[in-house]
Amino acid sequence: MRILCALLLLSFSVSSAAQTSSSSQSSEFPKEIPSFDLTAIDKTVDPCVDFYQYSCGNWMKNNPIPPDKSSWGRFYELRERNVYVLHDILEQVQTPAQRSPIQEKVGDYYAACMDEATIEKKGTEPLAPTMKAIAALNSKQQLIPQVSAMQRDGIRVLFSFGQMPDMHDSRQTIANLDQGGLTLPDRDYYLKDDAKSVETRQKYVEHVQKMFELAGDKPDVATAEAKTVLAIETALAKASMDRTVRRDPHTRDHMMTVTEVAASAPNFQLTEFFADSGAPKFTSLNVSNPDFFKAVNDQISSTSLDDWKVYLRWRTLDTYAPTLTKAFVDEDFQFNGAYLSGQKEIEVRWKRCVASTDRNLGMALGQLYVDKTFGPEGKERTLKMVQAIEAAMHQDIGQLTWMSDTTKQKAYEKLNAIVNNIGYPDKWRDYSSVVVTRDDYAGNVERGSAFEVQRQLNKISKPTDKKDWGMTPPTVNAYYRANMNDINFPAGILQPPFYSQNMDDAVNYGGIGMVIGHELTHGFDDQGRKYDADGNLKDWWTAEDAKAFEERAGCIADEYSGFVAVKDDKGEVKLNGKLTLGENTADNGGLKLAYMALMNIVGNTPVKPIDGYTPQQRFFIAYGQIWCENRTDQQARKLAIIDPHSPGRWRVNGVVQNSAAFQQAFGCKAGQPMVRQNACRVW
Ligand SMILES: [Zn+2]
């Protein structure tokens, strides 16, 4: 299990461009994205009334969501550009002659994905071995070994098993057992009773039925099977812990011996499962949610073997649908892309194949990407900004009025220990053991997934590998890991609109500067503050300072709980202030730190306005414009449930309302909407 605080929802990196990516579907290379865009600004709006509308109003009007996307914004534009860069790379390595081993690997993987004729010819044949094994099960005793075999192929089924640094000794990596096995994006989809949730379950059952029919089942059989799937997954959902509750790492901290956990849920045959799993030997492990295993233990015995087989077949179909024939791909898109996310069209094939290559051979493709786009000077200039913002955080901690000197010393220790990773890993991942052929796309995906599962399990019972990256280099995102105490900026984000060599410091600090500040602040948000300088779950706060922090964080949670995420004919959904607390804290702190760092450079020396804006104003507008976006109502609704980040509008307005520097820069007065009466401030 990774504790990874990203700048954006992780699944929206290039890796899932399949569900998010281009309008025209043309192959015209997108232009460089401006870091400071005068044409985006809506001057009919008062910045003190609605700053997001001011910064992005014209952009939103002029940039409707492309039909093959569910959201569109400045981030997505940059992702799209990266997808084109990767596409060029992959096209260039198609000719068999004179390719390096990694060019050959990614080139053949991409070619197999593009070869739709071969994929059509094979039909469901790639699934045959798994389907046959499921059909052959003839006792409950064989259920868990089959689950194990499927998990090793990357099929998320019944529960999840992986690795994590020991919460109390992060130098050591241990095994981790967790809830899992759901298909819909969150347990809420199974458990809520509002009209929209009821409709979604009905659509889901229809979708499962269609997929079983595509796999060859008769309609009446498929109808019954779909109901079985929903019943089993609903029981798993009931046993699952709520996403918001899980934010507190203490709720997931349960060291157990193998003997203990196996005895607590005997039907899981865990001793046998661990031995089969491919993991190195271990005698104790963390169990994130022991109650899940106790609850589902009864379900294993009370559900018939035939019903379990239906569920296993479904998880196989759902996982591999995107690799199969057009009929499977389209049905998968109709539910996940069109219905759940509001996307009108599926992306063109080549974009989906670029995303798939990034997903399964991402560090090989990333190596080629870095060679082409990112030199050592990129690393150097980013490091300089990181250091400037770390210095600002040091200064900021020193000025806090609510924190005692005792806790401040510990906070400095933690800040000084943060490791900065920029661009790409020091050592590239070795994919030489992954077999890739030009005529077996589903097989390539399966072997790629199996490689990654095994690579993760190999970490168990070993010293923690802090050098292993959680994102591929072309990804437009960034992250902080509490148990590693490191901040990470993939090469993909270190370009316009986040960073531009042609822009003034004000604009770059409002862009990538804020991103750096955001990731640093994660080390000190509601989750991050519970880990110490070494990445261990250890309380370093005095009781009084912890209380002061909770009060201040509570202010942010209340503020964002009042913001509307979506309002449509299905009703209004507000943000979950507790789910988004860490990200909102990081946005508020990040912007403050970036501003302090900028002021340390610009100082009080008068600077001539550029385009009619002072450096302070340019800083805030650059920040606002990073978050310009449009979302479908469906996507906004989905993200309100699963995304710990707030939508663009509130990432901007929610923060500037609390910022005296913003209000000063634009001359806002008390009583105006962008001046919050009781401003929240943690960092
Ligand atoms: Zn974040």
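What radius of gyration does the protein have, and how does that compare with a compact globule of 683 residues? The answer is 25 Å, which agrees with the value near 26 Å that a compact globule would have. Keep in mind that this is a predicted model. Besides the overall fold, there's a zinc ion to look at, with four donor atoms around it.

**Overall build**
- Counting up the secondary structure of the protein gives 26 helices and 13 strands.
- Along the principal axes, the C-alpha atoms take up a box of roughly 80 × 55 × 55 Å.

**Surface and charge**
- Of the 683 residues, 62% are buried.
- The protein shows about 26,500 Å² of accessible surface, and carbon and sulfur atoms account for 51% of that.
- On the charge side, you'll find 78 positive and 88 negative side chains, and the centres of these two sets sit 1 Å apart.

**The zinc site**
- The protein donors here are Ala 6 through O, His 518 and His 522 through NE2, and Glu 583 through OE. They lie 2.0 to 2.3 Å from the zinc ion.
- Angles between the four donor atoms run from 92 to 133 degrees, so the arrangement counts as tetrahedral. For reference, the ideal angle for four tetrahedral donors is 109.5 degrees.
- His 518 and His 522 both belong to helix 20 (residues 505-522), and because they're four residues apart, about one helical turn separates them.

Definitions and conventions:
Residues numbered from 1 in each chain as written. Predicted model: local features only at pLDDT ≥ 70, side-chain atom pairs only at ≥ 80, totals over all residues. Heavy atoms only, no water. Helix = DSSP H or I, 4+ residues; strand = E, 2+ residues; numbered from the N terminus. Rg over C-alpha atoms; globule rule 2.2 N^0.38 Å. Buried < 20%, exposed > 50% of the residue type's maximum accessible area, 1.4 Å probe, protein only. Areas by Shrake-Rupley, 256 points an atom, 1.4 Å probe, with all protein chains shown as cover. Lys, Arg positive; Asp, Glu negative; His and termini not counted. Charge placed at Lys NZ, Arg CZ, Asp CG, Glu CD. Donors = N, O, S within 2.8 Å, 3.2 Å for Na, K, Ca; no water. Tetrahedral: all angles 85-135°; square planar, octahedral: opposite > 155°, others 65-115°.
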